[in-house]
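Thank you all for coming; I would like to take a few minutes to walk through one structure, and I will ask you to keep it in view while I speak.

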Amino acid sequence: MLHAQVFRCMQMEKFPLGTEIVGLTVSAQEVMAEARAESDTMIGEVISRLAQEPTWKEVELVNVTGDKQQGIRFSLRLTL
């Protein structure tokens with residue numbers, strides 16, 4: 001049940017074109033999402049969209065790195 005709820009809340013409309021999820025780790029209290037984006041403004045858009053989802057008590061950007069080959073990689077902690 002928890003996994004179905006998490007995947008429903010992480011639907012593609014939450015991630016604009018130019019972003020992609022590259023990994024998810026789900027526990028009883030939180031979800032860690034690893035993602036990639038073409039620009040920093042897209043990261044803000046993802047955070048804004050996820051923060052509107054009532055399932056998440058908190059949406060926290062925990063890491064951002066970038067390089068020319070992979071673009072911007074970022075990690076989010078989503079508290080249930």
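Predicted model: local features only at pLDDT ≥ 70, side-chain atom pairs only at ≥ 80, totals over all residues.

**A helix and its sheet**

Let me begin with helix α2, residues 40–51, which lies across β1, β2, β3 and β4 and runs at about 15 degrees to β4. Helices (H or I, at least four residues) and strands (E, at least two) are DSSP runs, numbered from the N terminus, while contact means heavy atoms within 4.5 Å. Axes are lines fitted to C-alpha atoms, for helices over the stretch in contact, and angles run from 0 to 180 degrees between N-to-C directions.

Residues are numbered from 1 along each chain as its sequence is written, and side-chain values use heavy atoms, with hydrogens and water left out.

In what order do the four strands of the open sheet stand? The order is β1-β2-β4-β3, with antiparallel pairing, where two strands pair if DSSP finds at least two bridges between them. The edge strands are β1 and β3 (58–67), each of which pairs on one side only, and the twist averages 20 degrees from one strand to the next.

Turning to the pairs, β1 (residues 19–26) and β2 (residues 30–37) are joined in the antiparallel sense over seven bridges, and they form a hairpin with three residues between them. Glutamate 20 has arginine 36 in β2 as its bridge partner.
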